[in-house]
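Let's take a walk through a protein model together.

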Amino acid sequence: MPGPEKTVLFIDFDNTISRGDVLDSVIETFSPTAQWEQWQDDWRENRISTLDCLRLQVGGLEVDQETLLDFVRRVAIDPDFVRVQQWAAATGTELLVVSDNFDVILREIFRHHGIVAPPVFANALQFEDRKVIPSFPYRSPSCARCAHCKAVHFARYSGYHTLYVGDGLSDICPAMRADRVFAKDSLAAHLLAQGKPFTRFGSLGDVVGHLSAGARGRSLAVHS
Ligand SMILES: [Mg+2]
């Protein structure tokens with residue numbers, strides 16, 4: 001007889017856990033010229049992929065590791081993220097952060113806020129003096145939308161009840177695969193256009209409220 005179904009909750013970082021888009025502000029602050037804006041326009045107009053855009057923008061930054069980490073310590077995060085962690089622990093739900101930002105940045109923000117970081121899947125950074133070298137261990141050769149293909153992580157959770165929380169373009173593919181989705185901003189607009197049910201949220205307090213009301217996150221998903 002099979003045991004109870006397990007649940008996994010995937011959560012985006014920028015503008016979902018963090019207040020605002022951390023990577024955008026890093027690029028804006030530490031790019032030595034305004035060239036990054038042209039690359040941003042090229043990406044927006046589909047002339048270059050997300051991967052190429054990030055390679056150019058992040059590879060062009062001029063900042064050393066300590067200065068960058070000092071900068072990201074100022075990032076505010078949603079105080080209710082710890083309640084998401086508490087809900088996950090209390091219900092035996094696996095919690096994973098999936099991000100198109102960079103692992104060293106996310107880990108520093110969690111550390112600074114005194115949060116024991118859940119498993120983080122993100123792009124990678126190395127530093128050589130004031131040069132930054134990005135790498136993308138989770139890119140998909142078959143899709144140009146994201147530098148980190150967040151949907152690849154679902155393969156390890158076959159048979160799980162899957163929950164997804166996010167806000168942006170890199171959240172579309174995993175959200176379309178999830179059993180239940182919490183969405184805002186451009187992700188919400190895309191899911192609405194696709195007819196994929198989701199629950200709209202403003203902050204993580206809303207997500208915790210819905211999850212707690214639905215025991216294991218199974219309450220009826222609604223368009224809003
Ligand atoms: Mg985001």
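Find Gly195, the residue that comes after helix α8 and has a positive phi, near 75°. Before we go further, two ground rules. Residue numbers count from 1 along each chain as its sequence is written. And this is a predicted model, in which local features need pLDDT of at least 70 and side-chain atom pairs count only at pLDDT 80 or more, while totals for chains, interfaces and linings use all residues.

Now back up into α8 itself, residues 185–194. Helices here are DSSP runs of H or I with at least four residues, strands are runs of E with at least two, and both are numbered from the N terminus. Leu187, Ala188 and Leu191 of α8 are buried. They cover an arc of only 100° around the axis, so they sit on the same side of α8; the arc is that of the directions from the helix axis to the C-beta atoms. "Buried" has a cut-off: 20 or more other C-beta atoms within 10 Å of a residue's own, whereas 12 or fewer makes it exposed and anything in between partly exposed, with C-beta atoms placed from the backbone. Ala189 and Ala193 are exposed, on the face of α8 turned away from its buried side. What covers the buried residues? The cover includes β5, α7 (172–177), β6 (180–183) and β7.

Those strands lead us to the sheet. It is open, has 7 strands and mixed pairing, and runs in the order β4-β3-β2-β1-β5-β6-β7. The edge strands are β4 (131–135) and β7 (199–200), each of which pairs on one side only. Pairing here asks for at least two bridges found by DSSP between two strands.

Let's step along the sheet from β5 (residues 161–166), which pairs with β1 in the parallel sense over 5 bridges. Leu9 stands opposite Leu163 there. On to β2: β1 (residues 7–11) and β2 (residues 94–102) are parallel as well, with 4 bridges, and Phe10 has Leu96 as its bridge partner. Then β2 runs parallel to β3 (residues 120–128), joined by 3 bridges, with Val97 opposite Val120.

Two loop residues are worth a look. Asn15, in the loop between β1 and α1 (22–30), has a positive phi near 65° without being a glycine. Asp129, in the loop between β3 and β4, is not a glycine either, and its phi is positive at about 55°. Which is buried and which is exposed? Asn15 is buried, with 20 other C-beta atoms within 10 Å, whereas Asp129 is exposed, with 9.

Zoom out, and the protein has 9 helices and 7 strands. Its radius of gyration is 18 Å, close to the 17 Å from the globule rule for 224 residues, so it is as compact as a globular protein of that length. That radius is taken over C-alpha atoms, and the rule is 2.2 Å times the number of residues to the power 0.38.

How far can you trust it all? The mean pLDDT is 92, and 94% of residues reach 70 or more; pLDDT is the predictor's confidence in each residue, from 0 to 100. Over residues 219–224, though, the pLDDT is below 50. Where pLDDT is low, the predicted coordinates should not be read in detail.

Terms used. Two residues are in contact if their C-beta atoms, placed from the backbone, lie within 7 Å.
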